[in-house]
Amino acid sequence: MKVLSSLLSFLFLFFGGDHEPVSVAENRVDYRLSGIVRFEKNHYFLYSDTYGVAYFDSKIGEPEYRNEGLLMKTVYPFEEGRFFQRVTSMSVLDGNRAAALFSLGLRITDDGGLSWHPVPTGSSNGLKSSNYFSSVALSSSDPDHILLGTSFNGLFETKDGGQTWRSLNKSLTGFSGSFYMGADFYEEISALCFSSKPGTIYIAKGYGGGLYEADRMTSQFTKIATPFNEEIVNLRLQTEDPAVLEVYTRENIRFYHTAERRWIEKIDKLPRFAVTPDKVKEERRAKAAGRTGIYINANWASGSRLQTHLNTIASKNLNSFVVDAKNDQGLVVFDSQSDLPKKMGAYVPRYRLDDLLKTAKEHNLYVIARIVVFKDPKLYRYENNRFAIWDSRTNSPWGLKFKEVNEETGEEKWVQREFWVDPYNEEVWDYNIALAEELQQRGVDEIQFDYIRFPTDGPVESCYYRHKKSGMRNIDALESFLKKARETISIPISTDLYGYNCYYKMGNWMGQGIEMFSEYVDVISPMYYPSHFPRSFVYNADYLKWSRILYHDGTARARSSVREDCLIRPYVQAFRLPQEFWMEKSEYDRYVVEQVDGLKAADASGYTLWNNSNQYYMLDALPAEPNLK
């Protein structure tokens with residue numbers, strides 16, 4: 001592929017040696033670097049979220065893109081051949097042989113990246129489409145022997161060049177004990193490397209979990225004490241001395257002598273990329289930061305009911321609220337001027353937006369307008385289900401249905417309760433973006449997109465997306481929507497994500513890739529509701545203590561995944577489901593406090609209390625927030 005250095009516009013800043021800052025290019029675009037691997041002095045492979053892999057000689061200071069055969073992605077504005085899927089990791093043996101890993105694909109080069117060829121990773125040979133590939137290691141002694149680490153499914157191995165893969169989760173002695181997190185989830189494997197010693201491999205645990213040595217000959221699985229706390233993002237054996245393991249963090253290379261089992265007192269700084277600051281995004285984040293509040297159902301957004309919520313907000317010294325603009329039933333519940341909701345029978349105004357904003361301003365409150373995007377019964381039914389997800393088995397609109405039994409007659413019938421529109425349909429994007437644009441023009445402070453995902457329950461294997469462009473994946477549809485929305489919406493955008501999708505990198509499941517979302521939005525609001533996690537997940541302890549751990553660890557992990565690209569503002573469970581029903585009042589009041597304490601300890605940027613019925617009876621023990629003004 002041609003040199004694409006004109007796409008870059010940042011300075012490469014080096015530390016140590018004779019490196020000087022080098023100006024690379026004049027025309028700037030947003031370039032998110034996933035990682036760097038050095039294969040000899042001054043020579044690196046760079047890999048990114050959008051532009052593939054580049055060879056970089058720091059003495060020359062101009063990267064050369066080497067992308068022939070890498071995985072492309074099809075995203076708005078659908079410029080053919082421009083964007084590559086995010087490279088999640090690389091394994092580099094030398095300047096010729098290397099592997100480039102994607103969330104659901106693997107490519108290998110034997111000519112320094114001038115051409116890449118695929119390695120089979122399909123579900124037919126032991127891997128699943130829900131896997132998210134996070135790390136890879138090539139063997140220097142056997143070209144068909146490859147290790148593959150995932151974000152939450154553990155460790156896999158092939159010895160026949162990808163024709164068959166097998167899980168090492170249970171067969172590798174000691175691995176499950178160190179990496180298993182309960183409920184069939186494993187800790188992320190952030191880096192892998194074969195040792196020069198036969199049968200030994202090195203495994204790094206994600207989110208700063210440390211470095212491990214696995215000796216398959218002796219069944220020893222040992223954690224290696226590290227003299228640093230940073231997350232390990234890559235591993236590589238030195239070419240000149242295979243007994244030295246290069247351990248990559250985001251900024252440094254450290255060196256571990258595998259034969260002598262000691263750290264070498266040497267640190268090499270990696271190239272740093274000083275991208276021109278995005279002042280506009282910084283201003284949006286500053287505006288959205290530190291917001292604490294409650295969710296307000298549209299039925300409670302006016303009159304005496306609103307006053308009840310204003311009293312709650314004041315009593316806890318909160319400074320914001322989320323209010324429905326388009327709800328889970330597809331109803332536009334504010335006095336919109338748009339014609340389309342009226343045409344489809346979706347216009348059911350519950351409050352006057354101007355009055356609500358005036359009241360909020362009088363109370364110095366920040367207003368977040370919630371738009372439910374792809375779960376929309378009204379748009380689903382409109383124009384003979386033109387926008388609905390289709391069912392490939394029945395050639396009719398797809399839907400999630402439940403069996404209901406008449407208690408008196410015993411009659412059974414199937415009732416549809418969830419209605420999903422096609423996330424690939426650009427008209428669906430435009431409808432929701434138009435509502436967001438109107439809300440922005442009328443003065444709301446932030447737009448929050450909810451249900452920005454694909455369905456996960458029911459017979460999803462029969463979902464057929466009639467508006468899907470060739471080559472698109474679920475994550476591409478969501479990225480395209482966000483990318484297009486960002487062109488129009490200049491105020492902060494937030495998105496609600498499943499708790500699991502923020503605890504792990506798992507964009508292949510329902511399209512919610514936390515790293516991708518952070519490129520376009522200013523706030524991500526994880527839903528770490530303890531009632532939605534299996535009790536065996538992470539830590540089977542006292543329920544109140546467990547809820548704090550979920551919010552603390554989940555927030556910390558989400559912040560690590562997005563780095564500085566956006567804020568993490570979790571939703572807090574201020575409602576009761578089965579486990580909480582058995583609590584006394586003192587317990588469920590404390591339950592809210594534990595969640596809030598956990599997210600604060602992990603430096604979340606605020607939180608939102610969620611109770612769909614809008615009965616905030618669980619807040620008595622929650623202390624008033626300090627005055628952030």
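A salt bridge is a side-chain nitrogen of Lys or Arg within 4 Å of a carboxyl oxygen of Asp or Glu. The legends below describe a predicted model, in which local features need pLDDT of at least 70 and side-chain atom pairs count only at pLDDT 80 or more, while totals for chains, interfaces and linings use all residues. Residues are numbered from 1 along each chain as its sequence is written, and side-chain values use heavy atoms, with hydrogens and water left out.

**View 1. A salt bridge between Lys505 and Glu188.** The structure holds 43 salt bridges. In the one between Lys505 and Glu188, the closest N and O atoms are 2.9 Å apart. This pair links distant parts of the chain, 317 residues apart: Lys505 belongs to the loop between helix H9 (500–503) and helix H10 (507–510), and Glu188 to the loop between strand E16 (185–186) and strand E17 (189–194). Helices (H or I, at least four residues) and strands (E, at least two) are DSSP runs, numbered from the N terminus. Both Lys505 and Glu188 are buried, where buried means under 20% relative accessible area, exposed over 50%, and partly exposed in between (1.4 Å probe, protein chains only).

**View 2. A salt bridge between Lys326 and Asp376.** The side chains of these two residues meet at 2.7 Å, N to O. The pair links distant parts of the chain, 50 residues apart, with Lys326 in strand E27 (residues 320–326) and Asp376 in the loop between strand E30 (366–372) and helix H6 (377–385). Lys326 is buried at 0% relative accessibility, and Asp376 is likewise buried at 0%. A network of salt bridges links Asp324, Asp328, Arg370 and Asp450.

**View 3. A salt bridge between Glu230 and Arg254.** The closest N and O atoms of this pair are 3.5 Å apart. Glu230 is partly exposed, with a relative accessible area of 35%, whereas Arg254 is buried, with 13%.

**View 4. The cis peptide bond between Tyr76 and Pro77.** Omega of this bond is about 10°. Pro77 is placed in the loop between strand E6 (64–65) and strand E7 (87–92). Phe78 also lies in the loop between E6 and E7, and its phi is near 60°, a positive value in a residue other than glycine. Most residues other than glycine have a negative phi, and most peptide bonds are trans. Phe78 is partly exposed, with a relative accessible area of 25%.

**View 5. The largest cavity.** A cavity is a set of points, on a 1 Å grid over the protein atoms alone, where a 1.4 Å probe fits but cannot get out; lining residues have an atom within 4 Å of a point. The structure holds 2 cavities of 30 Å³ or more, and the largest has a volume of about 230 Å³, a volume being the space filled by probe spheres set on the points, which are joined across faces, edges and corners. Of the 18 residues that line the largest cavity, those closest to its centre are Arg86, Thr88, Val233, Arg250 and Lys505.

Technical notes. 1 Å grid on protein atoms, 1.4 Å probe; cavity = no way out; pocket = protein on both sides within 12 Å on 5 of 7 lines; lining within 4 Å.
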